[in-house]
Amino acid sequence: MSEAERVAQRPDAPGLFVALAPMDGVTDGSYREVLSALFGGRSGISLCVSEFVRVIHQPVPEAVFLRHCPELDHGGQTRAGVPVFVQLLGGEPRWMADAALVAARLGAPGIDLNFGCPAKTVNNSDGGASLLKQPRRVEAVTRAVRAVVPEAIPVTVKVRVGWDDAAAMVDIARAAEQGGASWLTIHGRTRKQLYKPPVDWRAIGRAREAVAMPVVANGDLFDLDALRRCAELSGCSAFMIGRGAMGRPELFAQARGWRTRALSTEDMRALLLAYVGQLLEDGASEHRALGRLKQWLRMGGMLRGDLGRWFEVIKRLQTLDAARQVLVAATPPCPG
Ligand SMILES: Cc1cc2nc3c(=O)[nH]c(=O)nc-3n(C[C@H](O)[C@H](O)[C@H](O)COP(=O)(O)O)c2cc1C
C-alpha cells in the first residue's frame, strides 16, 4: 500500500501524518514542488492541500483547477509523490458539489472544504469561517460534496474552533462528521482572533473526543516542542503545518520521527534558489518570482535570523537578478 493510500485510510496513525497547510498566495504548485522534494523526496510531508478555489453560484472552469493545482496534470501528486488535495471554498451545497465533481474527474486525490477562511470579502459573500455560525450548513455542504465524489476519494473539512468563541466547536465537528467528512482539520483559533494568540489546542481536543473520524491539529506548530505540547493538549497525532514550513522546512520529517538535521544557511540558500527556479519554470514572471521570494523571506524570517537578514536587504530590491545576487553572497548580510 502506498503512503498516500495509508494516509487516506487513517491519517491519525502516530507518526504518519504531517500535512502542509494551504496558504493562499504562498503555497502554490512551485512551493509545494520544492518543499516536497526536500531531503531527496523524504521531506516528511504526508499531504498538501491546494490554495482555495472560490465557488460562487456557477460552475468552476477546469482551467481554474489546473491553475490552483497543476499537479492534476501529474496524477494529483507532486513529483516527489505527495498527494495534493484540491480545496474548495463556498457556502452553496449545489455549486460546491458541482465543483468537487469536476475536481474529482480531473484526478484530485481528495477534496478539502474550507470553512476557516477569515477574510472579510469571503465571509461577507457567504464563505469560509462565516459558515461556522451555522454548523448545519457545514454539514449540508459536506454531505452534498460527499454524495457526488467517488467513495475512494476522501472529502475532508478544515475549520477554526468557532466564529467568536469556541463554544460551538463540538457541534461543528459533529456536523462535519454527520455530513460524511473523512477527517477534520482544526486551526485552534476563532475567526475573531484572525492570527492573534493564543492558539487553543484544548478546544481541538474537545472536538477530537466528540467524533470518531480522525482530527488533524493545526495552528502555531513552529517547532518540535510545540508539536509535543499540542499533542498533549489536543490528544491528536496528526498535524498540519503552515507558516512554520517557511522557516523550518525540516519540521515535517522531524515530526515523523525521522532523523533530520535542521537546514543550514547553505541549505536554505539552495532551497530558495530552487524555489525561484521552479517558479520561473512554471511560468511565473520575474516580478512575481521576486514577490514570492520576498514573502518567503519575510514569513520565514520570524523563525530564522538568516532569512530575516536576507529579507531586510532584498525587500528594497526591484529585480530578481539583484535578489539572487544577494542570496548567493557568502552569508546573509547585515542590513544598513
Ligand atoms: C497567508 C495565509 C493564507 C492562508 N490561506 C489559506 C487557504 O487558502 N485555505 C485554508 O484553509 N487556510 C488558509 N490559511 C490558514 C492556514 O492553512 C493555517 O490554518 C493557519 O496559518 C494556521 O496554521 P499555522 O500556524 O501552521 O500557519 C492561510 C494562512 C495564511 C497565513
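## Before we start

Because the model is predicted, local features need pLDDT of at least 70 and side-chain atom pairs count only at pLDDT 80 or more, while totals for chains, interfaces and linings use all residues. Residues are numbered from 1 along each chain as its sequence is written, and side-chain values use heavy atoms, with hydrogens and water left out.

## Rings that meet

How many aromatic pairs does a search of the whole structure find? The search turns up 5. To count as a pair, rings of Phe, Tyr and Trp (its six-membered ring) need centres within 6.5 Å; planes under 30 degrees apart are stacked, over 60 edge-to-face, and the rest tilted.

Take Phe17 and Trp183: their ring centres are 5.6 Å apart and their planes sit at 75°, so this is an edge-to-face pair. Phe17 is in the loop between helix H1 (3-9) and strand S1 (18-20), and Trp183 is in the loop between helix H8 (169-178) and strand S7 (184-190), so the pair links distant parts of the chain, 166 residues apart. (Helices, H or I with at least four residues, and strands, E with at least two, are DSSP runs numbered from the N terminus.) Phe17 and Trp183 are both buried, meaning under 20% relative accessible area; exposed is over 50%, and partly exposed is in between (1.4 Å probe, protein chains only). Together with Phe85, they form one aromatic cluster.

Next up are Tyr31 and Tyr275, with ring centres 6.0 Å apart and planes at 85°, so they're edge-to-face. Tyr31 belongs to helix H2 (residues 29-36) and Tyr275 to helix H13 (residues 265-281), so the pair ties together parts 244 residues apart in sequence. Tyr31 is buried, at 1% relative accessible area, and Tyr275 is buried at 1% too.

## Charges over rings

Which residue lies over the face of Trp258? That's Arg42, 4.0 Å from the ring centre. Over at Trp163, the charged end of Lys133 sits above the ring, 4.1 Å from its centre. The rule here: NZ of Lys or CZ of Arg must be within 6 Å of the ring centre and within 35 degrees of the ring normal.

Pro197 and Pro198 are joined by a cis peptide bond, with omega about 0°. Pro198 lies in the loop between S7 and helix H9 (201-210).

His57 isn't a glycine, yet its phi is positive, about 45°. Is His57 buried or exposed? His57 counts as exposed, at 55% relative accessibility. Asp220 also has a positive phi, about 60°, without being a glycine, but Asp220 is buried, at 18%.
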